[in-house]
Amino acid sequence: MRIGTFVLAAQFPGQGPGEALHRAVRSAEAAEESGLDSVWLAEHHFVPYGVCPSATTLAALLLGRTRRIRVGTAVSVLPNHHPVALGEQAALLHLTSGGRFSLGVGRGGPWVDLEVFGGGLDAYENGFPEALELLLDWLREPRVAGRGERFGFREVAVVPRADELLDGAAEAAGTSGPEVIVACTSPKSVRLAAGRALPMLLGMHCGDEEKAEMVALWRTAAREAGHPPEVVEGAAHVSAGVAQIEDGPGDATETLVKTMPGWLRQGLDAHVTVDARHRVMRDPVAYTELLCALHPVGPPKLAADRLAATAERTGITRFALLVEGSGDLAATEENVRRLGADVLPLLT
(Lines give C-alpha, C1' and ligand atoms only; values in the text may rest on other atoms or scores of the structure.)
Protein backbone atom coordinates (compact mmCIF):
# COMPACT_ATOMS: atom_id res chain seq x y z
CA MET A 1 0.00 0.00 0.00
CA ARG A 2 1.44 3.34 -1.05
CA ILE A 3 -0.16 6.33 0.66
CA GLY A 4 0.42 9.85 -0.62
CA THR A 5 -1.14 13.27 -0.25
CA PHE A 6 -3.16 15.20 -2.81
CA VAL A 7 -2.35 18.92 -2.61
CA LEU A 8 -4.75 21.45 -4.13
CA ALA A 9 -3.39 24.59 -2.41
CA ALA A 10 -7.02 25.30 -1.56
CA GLN A 11 -7.83 28.89 -0.64
CA PHE A 12 -10.47 28.82 2.08
CA PRO A 13 -12.75 31.81 2.76
CA GLY A 14 -10.88 34.56 4.55
CA GLN A 15 -7.47 33.31 3.41
CA GLY A 16 -5.07 34.72 0.84
CA PRO A 17 -3.23 32.72 -1.83
CA GLY A 18 0.07 33.02 0.05
CA GLU A 19 -1.43 31.28 3.06
CA ALA A 20 -2.85 28.51 0.88
CA LEU A 21 0.48 27.96 -0.89
CA HIS A 22 2.45 27.95 2.37
CA ARG A 23 0.12 25.29 3.76
CA ALA A 24 0.56 23.28 0.55
CA VAL A 25 4.35 23.35 0.81
CA ARG A 26 4.36 22.51 4.50
CA SER A 27 1.94 19.61 4.01
CA ALA A 28 4.26 18.15 1.38
CA GLU A 29 7.29 18.49 3.63
CA ALA A 30 5.30 16.88 6.44
CA ALA A 31 4.40 13.99 4.14
CA GLU A 32 8.07 13.13 3.69
CA GLU A 33 8.76 13.56 7.41
CA SER A 34 5.85 11.21 8.19
CA GLY A 35 7.02 8.39 5.93
CA LEU A 36 4.35 8.74 3.25
CA ASP A 37 5.04 7.63 -0.31
CA SER A 38 4.19 10.59 -2.51
CA VAL A 39 2.79 14.07 -3.00
CA TRP A 40 0.44 14.84 -5.90
CA LEU A 41 -0.05 18.47 -6.97
CA ALA A 42 -3.14 19.91 -8.62
CA GLU A 43 -3.14 22.75 -11.14
CA HIS A 44 -5.87 25.37 -11.52
CA HIS A 45 -6.24 28.82 -13.04
CA PHE A 46 -8.22 31.88 -11.98
CA VAL A 47 -10.12 30.16 -9.12
CA PRO A 48 -9.59 29.90 -5.35
CA TYR A 49 -10.51 26.20 -5.51
CA GLY A 50 -6.75 25.75 -5.96
CA VAL A 51 -4.21 28.55 -6.32
CA CYS A 52 -1.33 26.57 -7.84
CA PRO A 53 -1.27 27.54 -11.55
CA SER A 54 1.76 25.38 -12.41
CA ALA A 55 2.04 21.92 -10.90
CA THR A 56 5.45 21.37 -12.48
CA THR A 57 6.84 24.57 -10.93
CA LEU A 58 5.61 23.61 -7.47
CA ALA A 59 6.94 20.09 -8.05
CA ALA A 60 10.38 21.53 -8.78
CA LEU A 61 10.33 23.41 -5.47
CA LEU A 62 9.25 20.35 -3.51
CA LEU A 63 11.73 18.02 -5.21
CA GLY A 64 14.44 20.44 -4.15
CA ARG A 65 13.22 20.49 -0.54
CA THR A 66 12.85 16.72 -0.18
CA ARG A 67 15.14 13.74 -0.59
CA ARG A 68 13.00 10.58 -0.70
CA ILE A 69 9.35 11.19 -1.49
CA ARG A 70 7.90 10.98 -5.01
CA VAL A 71 6.33 14.19 -6.35
CA GLY A 72 3.77 14.13 -9.12
CA THR A 73 1.32 16.37 -10.93
CA ALA A 74 -2.36 15.57 -10.56
CA VAL A 75 -2.65 16.91 -13.06
CA SER A 76 -0.93 19.13 -15.58
CA VAL A 77 -3.80 20.23 -17.86
CA LEU A 78 -2.54 19.24 -21.29
CA PRO A 79 -4.76 21.51 -23.46
CA ASN A 80 -3.17 24.50 -21.68
CA HIS A 81 0.41 23.37 -22.43
CA HIS A 82 2.45 22.68 -25.52
CA PRO A 83 3.31 18.96 -25.18
CA VAL A 84 6.96 19.55 -26.06
CA ALA A 85 7.35 22.27 -23.42
CA LEU A 86 5.70 20.05 -20.83
CA GLY A 87 7.87 17.11 -21.91
CA GLU A 88 11.01 19.21 -21.51
CA GLN A 89 9.95 20.20 -17.99
CA ALA A 90 9.15 16.59 -17.09
CA ALA A 91 12.51 15.37 -18.36
CA LEU A 92 14.31 18.09 -16.43
CA LEU A 93 12.54 17.21 -13.17
CA HIS A 94 13.02 13.48 -13.73
CA LEU A 95 16.75 13.83 -14.33
CA THR A 96 17.54 16.33 -11.59
CA SER A 97 15.52 14.45 -8.93
CA GLY A 98 17.02 11.04 -9.64
CA GLY A 99 13.72 9.70 -10.98
CA ARG A 100 11.36 10.93 -8.24
CA PHE A 101 8.99 12.83 -10.55
CA SER A 102 5.69 11.55 -11.97
CA LEU A 103 3.83 13.43 -14.69
CA GLY A 104 0.08 13.23 -14.41
CA VAL A 105 -1.84 14.75 -17.30
CA GLY A 106 -5.51 15.37 -17.94
CA ARG A 107 -7.95 16.95 -20.34
CA GLY A 108 -9.19 19.56 -17.86
CA GLY A 109 -12.54 21.21 -18.40
CA PRO A 110 -14.27 23.62 -20.80
CA TRP A 111 -12.99 26.57 -18.79
CA VAL A 112 -11.92 30.07 -19.79
CA ASP A 113 -8.31 28.82 -19.48
CA LEU A 114 -8.69 27.61 -23.06
CA GLU A 115 -9.34 31.16 -24.20
CA VAL A 116 -6.57 32.73 -22.12
CA PHE A 117 -3.86 30.27 -23.17
CA GLY A 118 -5.02 30.01 -26.76
CA GLY A 119 -5.74 26.30 -26.89
CA GLY A 120 -9.36 26.81 -27.78
CA LEU A 121 -12.33 24.56 -27.18
CA ASP A 122 -11.17 22.08 -29.83
CA ALA A 123 -8.02 21.35 -27.79
CA TYR A 124 -10.28 20.23 -24.95
CA GLU A 125 -12.91 18.39 -26.96
CA ASN A 126 -10.74 16.68 -29.60
CA GLY A 127 -7.05 17.45 -29.18
CA PHE A 128 -6.08 15.41 -26.11
CA PRO A 129 -5.06 12.19 -27.94
CA GLU A 130 -2.73 14.03 -30.33
CA ALA A 131 -1.18 16.06 -27.52
CA LEU A 132 -0.66 12.96 -25.37
CA GLU A 133 0.98 11.07 -28.25
CA LEU A 134 3.39 13.93 -28.91
CA LEU A 135 4.23 14.18 -25.21
CA LEU A 136 4.97 10.45 -25.01
CA ASP A 137 7.14 10.61 -28.14
CA TRP A 138 9.13 13.43 -26.55
CA LEU A 139 9.77 11.38 -23.41
CA ARG A 140 10.77 8.22 -25.31
CA GLU A 141 12.45 9.14 -28.60
CA PRO A 142 15.81 10.81 -29.47
CA ARG A 143 14.27 12.99 -32.20
CA VAL A 144 10.66 14.10 -32.68
CA ALA A 145 8.63 15.83 -35.38
CA GLY A 146 5.12 17.22 -35.09
CA ARG A 147 2.89 15.58 -37.69
CA GLY A 148 -0.58 16.10 -36.25
CA GLU A 149 -3.45 18.46 -37.02
CA ARG A 150 -2.59 20.86 -34.21
CA PHE A 151 1.16 20.41 -33.79
CA GLY A 152 3.24 20.52 -36.94
CA PHE A 153 6.99 21.13 -36.90
CA ARG A 154 10.21 19.77 -38.41
CA GLU A 155 12.15 17.02 -36.66
CA VAL A 156 14.23 18.27 -33.74
CA ALA A 157 16.56 16.68 -31.20
CA VAL A 158 15.19 15.85 -27.75
CA VAL A 159 17.40 17.61 -25.20
CA PRO A 160 17.67 16.61 -22.44
CA ARG A 161 16.75 12.98 -23.00
CA ALA A 162 14.47 11.72 -20.23
CA ASP A 163 16.01 8.23 -20.33
CA GLU A 164 19.54 9.37 -19.50
CA LEU A 165 19.65 9.14 -15.71
CA LEU A 166 23.08 8.67 -14.21
CA ASP A 167 24.38 5.11 -13.78
CA GLY A 168 22.37 3.29 -11.12
CA ALA A 169 19.72 5.99 -10.80
CA ALA A 170 17.50 4.50 -13.51
CA GLU A 171 17.54 1.12 -11.80
CA ALA A 172 16.78 2.70 -8.42
CA ALA A 173 13.92 4.70 -9.91
CA GLY A 174 12.54 1.63 -11.65
CA THR A 175 12.11 3.49 -14.93
CA SER A 176 14.17 5.01 -17.73
CA GLY A 177 11.87 8.02 -18.01
CA PRO A 178 9.29 9.81 -15.86
CA GLU A 179 6.16 7.90 -15.01
CA VAL A 180 3.16 9.24 -16.97
CA ILE A 181 -0.34 8.92 -15.52
CA VAL A 182 -3.64 9.93 -17.14
CA ALA A 183 -6.62 11.34 -15.24
CA CYS A 184 -9.62 9.32 -16.40
CA THR A 185 -13.26 10.32 -15.97
CA SER A 186 -14.94 8.51 -18.87
CA PRO A 187 -14.72 5.22 -20.79
CA LYS A 188 -13.10 7.11 -23.66
CA SER A 189 -10.23 8.36 -21.50
CA VAL A 190 -9.86 4.92 -19.89
CA ARG A 191 -9.44 3.30 -23.31
CA LEU A 192 -6.99 6.01 -24.36
CA ALA A 193 -4.80 5.37 -21.32
CA ALA A 194 -5.08 1.59 -21.66
CA GLY A 195 -4.05 1.65 -25.31
CA ARG A 196 -0.75 3.17 -24.25
CA ALA A 197 -0.46 1.11 -21.04
CA LEU A 198 -0.53 4.28 -18.94
CA PRO A 199 -1.90 4.00 -15.39
CA MET A 200 -4.96 6.00 -14.41
CA LEU A 201 -5.64 8.63 -11.78
CA LEU A 202 -9.25 8.20 -10.64
CA GLY A 203 -11.12 11.06 -8.98
CA MET A 204 -12.18 11.44 -5.38
CA HIS A 205 -15.85 11.77 -6.37
CA CYS A 206 -15.89 8.10 -7.47
CA GLY A 207 -16.81 5.24 -5.18
CA ASP A 208 -15.16 1.82 -5.12
CA GLU A 209 -17.70 0.22 -7.48
CA GLU A 210 -17.14 2.84 -10.18
CA LYS A 211 -13.38 2.66 -9.79
CA ALA A 212 -13.45 -1.14 -10.01
CA GLU A 213 -15.45 -0.88 -13.26
CA MET A 214 -12.90 1.54 -14.71
CA VAL A 215 -9.99 -0.71 -13.75
CA ALA A 216 -11.76 -3.68 -15.35
CA LEU A 217 -12.36 -1.67 -18.54
CA TRP A 218 -8.71 -0.55 -18.57
CA ARG A 219 -7.50 -4.15 -18.31
CA THR A 220 -9.79 -5.30 -21.10
CA ALA A 221 -8.71 -2.45 -23.38
CA ALA A 222 -5.03 -2.96 -22.54
CA ARG A 223 -5.25 -6.66 -23.43
CA GLU A 224 -7.04 -5.82 -26.67
CA ALA A 225 -4.21 -3.39 -27.49
CA GLY A 226 -1.75 -6.27 -27.21
CA HIS A 227 -0.04 -5.41 -23.94
CA PRO A 228 1.40 -8.44 -22.11
CA PRO A 229 -0.29 -9.85 -18.97
CA GLU A 230 2.42 -8.59 -16.61
CA VAL A 231 1.88 -5.04 -17.87
CA VAL A 232 -1.90 -5.31 -17.61
CA GLU A 233 -1.91 -6.75 -14.11
CA GLY A 234 0.97 -4.62 -12.84
CA ALA A 235 -0.42 -1.20 -13.77
CA ALA A 236 -0.06 1.12 -10.77
CA HIS A 237 -3.29 3.13 -10.87
CA VAL A 238 -3.85 5.90 -8.32
CA SER A 239 -7.06 6.52 -6.37
CA ALA A 240 -7.71 10.10 -5.23
CA GLY A 241 -9.60 10.66 -1.99
CA VAL A 242 -9.90 12.67 1.20
CA ALA A 243 -8.31 11.84 4.56
CA GLN A 244 -9.04 13.37 7.96
CA ILE A 245 -7.82 11.46 11.01
CA GLU A 246 -9.34 12.20 14.41
CA ASP A 247 -10.13 9.96 17.40
CA GLY A 248 -13.84 10.49 17.93
CA PRO A 249 -16.21 8.53 15.65
CA GLY A 250 -17.76 11.67 14.18
CA ASP A 251 -15.07 14.26 14.87
CA ALA A 252 -13.33 14.08 11.49
CA THR A 253 -16.59 14.32 9.55
CA GLU A 254 -17.70 17.23 11.71
CA THR A 255 -14.44 19.06 10.98
CA LEU A 256 -14.79 18.70 7.22
CA VAL A 257 -18.50 19.49 7.08
CA LYS A 258 -17.75 22.73 8.93
CA THR A 259 -14.91 23.82 6.65
CA MET A 260 -15.05 22.25 3.19
CA PRO A 261 -18.46 23.50 1.94
CA GLY A 262 -17.39 27.14 2.20
CA TRP A 263 -14.25 26.43 0.19
CA LEU A 264 -16.13 24.33 -2.37
CA ARG A 265 -18.87 26.92 -2.82
CA GLN A 266 -16.37 29.75 -3.28
CA GLY A 267 -13.99 27.76 -5.45
CA LEU A 268 -16.39 25.93 -7.74
CA ASP A 269 -18.59 29.00 -8.28
CA ALA A 270 -15.56 30.84 -9.65
CA HIS A 271 -15.14 28.52 -12.65
CA VAL A 272 -16.10 30.23 -15.90
CA THR A 273 -16.84 28.21 -19.03
CA VAL A 274 -15.28 29.22 -22.32
CA ASP A 275 -18.53 28.90 -24.25
CA ALA A 276 -21.23 29.78 -21.66
CA ARG A 277 -22.45 26.18 -21.55
CA HIS A 278 -24.83 25.20 -18.77
CA ARG A 279 -23.17 23.97 -15.61
CA VAL A 280 -24.66 21.76 -12.92
CA MET A 281 -23.02 22.54 -9.59
CA ARG A 282 -22.76 20.01 -6.80
CA ASP A 283 -24.30 20.94 -3.48
CA PRO A 284 -21.21 21.66 -1.33
CA VAL A 285 -22.57 20.15 1.89
CA ALA A 286 -23.89 17.01 0.22
CA TYR A 287 -20.62 16.62 -1.70
CA THR A 288 -18.57 16.95 1.50
CA GLU A 289 -20.76 14.36 3.20
CA LEU A 290 -20.32 12.02 0.22
CA LEU A 291 -16.52 12.35 0.38
CA CYS A 292 -16.55 11.66 4.12
CA ALA A 293 -18.56 8.49 3.54
CA LEU A 294 -16.32 7.22 0.71
CA HIS A 295 -12.85 7.88 2.06
CA PRO A 296 -10.59 7.48 5.14
CA VAL A 297 -12.31 10.07 7.32
CA GLY A 298 -12.48 9.09 10.98
CA PRO A 299 -10.39 7.24 13.59
CA PRO A 300 -7.18 5.48 12.42
CA LYS A 301 -8.73 1.98 12.37
CA LEU A 302 -11.69 3.11 10.28
CA ALA A 303 -9.39 4.97 7.91
CA ALA A 304 -7.15 1.94 7.45
CA ASP A 305 -10.15 -0.33 6.92
CA ARG A 306 -11.54 1.95 4.20
CA LEU A 307 -8.22 2.10 2.37
CA ALA A 308 -7.84 -1.67 2.59
CA ALA A 309 -11.40 -2.18 1.36
CA THR A 310 -10.83 0.08 -1.64
CA ALA A 311 -7.65 -1.81 -2.49
CA GLU A 312 -9.45 -5.14 -2.25
CA ARG A 313 -12.45 -4.05 -4.32
CA THR A 314 -10.54 -2.20 -7.03
CA GLY A 315 -7.03 -3.64 -7.08
CA ILE A 316 -5.64 -0.11 -6.60
CA THR A 317 -2.92 0.18 -3.96
CA ARG A 318 -1.73 3.76 -4.53
CA PHE A 319 -3.63 6.63 -2.95
CA ALA A 320 -3.51 10.42 -3.25
CA LEU A 321 -5.39 11.81 -0.27
CA LEU A 322 -6.52 15.41 0.23
CA VAL A 323 -5.31 16.33 3.73
CA GLU A 324 -5.98 20.10 3.84
CA GLY A 325 -9.75 19.85 4.29
CA SER A 326 -9.63 21.63 7.66
CA GLY A 327 -8.18 24.72 5.99
CA ASP A 328 -5.81 25.16 8.93
CA LEU A 329 -2.02 24.80 8.74
CA ALA A 330 -1.44 23.19 12.14
CA ALA A 331 -4.41 20.84 11.73
CA THR A 332 -3.20 19.85 8.25
CA GLU A 333 0.30 19.05 9.50
CA GLU A 334 -1.18 16.98 12.34
CA ASN A 335 -3.46 15.19 9.89
CA VAL A 336 -0.47 14.22 7.75
CA ARG A 337 1.50 13.13 10.81
CA ARG A 338 -1.33 10.87 11.95
CA LEU A 339 -1.65 9.32 8.49
CA GLY A 340 1.97 8.26 8.77
CA ALA A 341 2.09 7.36 12.47
CA ASP A 342 -1.37 5.90 13.13
CA VAL A 343 -2.81 4.68 9.80
CA LEU A 344 0.13 3.50 7.73
CA PRO A 345 1.30 0.87 10.27
CA LEU A 346 -2.16 -0.73 10.14
CA LEU A 347 -1.77 -1.28 6.39
CA THR A 348 1.62 -3.03 6.39
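Reply: Let us begin with a term that we shall need at once: contact means that heavy atoms lie within 4.5 Å. Please keep in mind throughout that the model is a predicted one.

Me: Which residues does methionine 200 touch, leaving out those up to four places away in sequence?
Reply: Methionine 200 touches Ile181, Val182, Cys184, Val190, Ala193, Met214, Val215, Trp218, His237 and Val238. In the largest nonpolar core, which has 72 residues, Met200 is also named with Leu41 and Leu132 as touching the most other members. The largest share of this core, eight residues, comes from H6.

Me: Why is histidine 81 called buried?
Reply: The word buried is used for a relative accessible area under 20%. Histidine 81 has a value of 19%, and therefore it counts as buried. As for its place, histidine 81 sits in the loop between strand E4 (76–77) and helix H3 (83–96).

Me: What makes the pairing of histidine 81 with glutamate 43 a polar contact?
Reply: A polar contact needs a pair of N or O atoms within 3.5 Å, one able to donate a hydrogen and the other to accept it. The side chains of histidine 81 and glutamate 43 make such a contact at 3.0 Å, and Glu43 is also listed among the residues that histidine 81 touches, together with Ser76 and Leu86, when residues up to four places away in sequence are not counted.

Me: What does the side chain of threonine 66 reach?
Reply: The side chain of threonine 66 reaches the backbone oxygen of leucine 62 at 2.7 Å, and a polar contact of 3.0 Å joins it to the side chain of arginine 100. Beyond its neighbours within four places in sequence, threonine 66 is in contact with Glu32 and Arg100.

Me: What is noted about phi in alanine 9 and alanine 197?
Reply: Most residues other than glycine have a negative phi. Alanine 9 has a phi near 55 degrees, which is positive, and alanine 197 has a positive phi of about 60 degrees. Alanine 9 lies in the loop between strand E1 (2–7) and helix H1 (17–33), and its relative accessibility of 1% is under 20%, so it counts as buried.

Me: Where are cis peptide bonds found?
Reply: Most peptide bonds are trans. The bond from alanine 74 to valine 75 is cis, with omega near 5 degrees, and valine 75 lies in the loop between strand E3 (70–73) and E4. Another cis bond joins valine 159 and proline 160, where omega is about 0 degrees, and proline 160 is in the loop between strand E7 (152–157) and helix H7 (169–173).

Me: What makes one space a cavity and another a pocket?
Reply: In a cavity the probe fits but cannot get out, whereas a pocket is an open set of points. The structure holds one cavity of 30 Å³ or more, and the largest cavity has a volume of about 50 Å³. Its lining has six nonpolar, four polar and one charged residues, including Ser239, Phe319 and Leu321.

Me: How large is the largest pocket, and which residues are closest to its centre?
Reply: The largest pocket has a volume of about 1600 Å³. Of its 49 lining residues, Gly108, Gly109, Trp111, Thr185 and His205 are the closest to its centre. The lining divides into 26 nonpolar, 15 polar and eight charged residues, and H8 gives the largest share, three residues.

Notes
Residues are numbered from 1 along each chain as its sequence is written. This is a predicted model: local features need pLDDT of at least 70, side-chain atom pairs count only at pLDDT 80 or more; totals for chains, interfaces and linings use all residues. Side-chain values use heavy atoms; hydrogens and water are left out. On a 1 Å grid over the protein atoms alone, a cavity is a set of points where a 1.4 Å probe fits but cannot get out, and a pocket is an open set with protein on both sides within 12 Å along at least five of seven lines; lining residues have an atom within 4 Å of a point. Grid points are joined across faces, edges and corners, and a volume is the space filled by probe spheres set on the points. Helices (H or I, at least four residues) and strands (E, at least two) are DSSP runs, numbered from the N terminus. Ala, Val, Leu, Ile, Met, Phe, Trp, Tyr, Cys and Pro count as nonpolar, Asp, Glu, Lys and Arg as charged, and the others, Gly among them, as polar. Buried means under 20% relative accessible area, exposed over 50%, partly exposed in between (1.4 Å probe, protein chains only). A nonpolar core is a set of buried Ala, Val, Leu, Ile, Met, Phe, Trp, Tyr and Cys residues joined through side-chain atoms within 4.5 Å.
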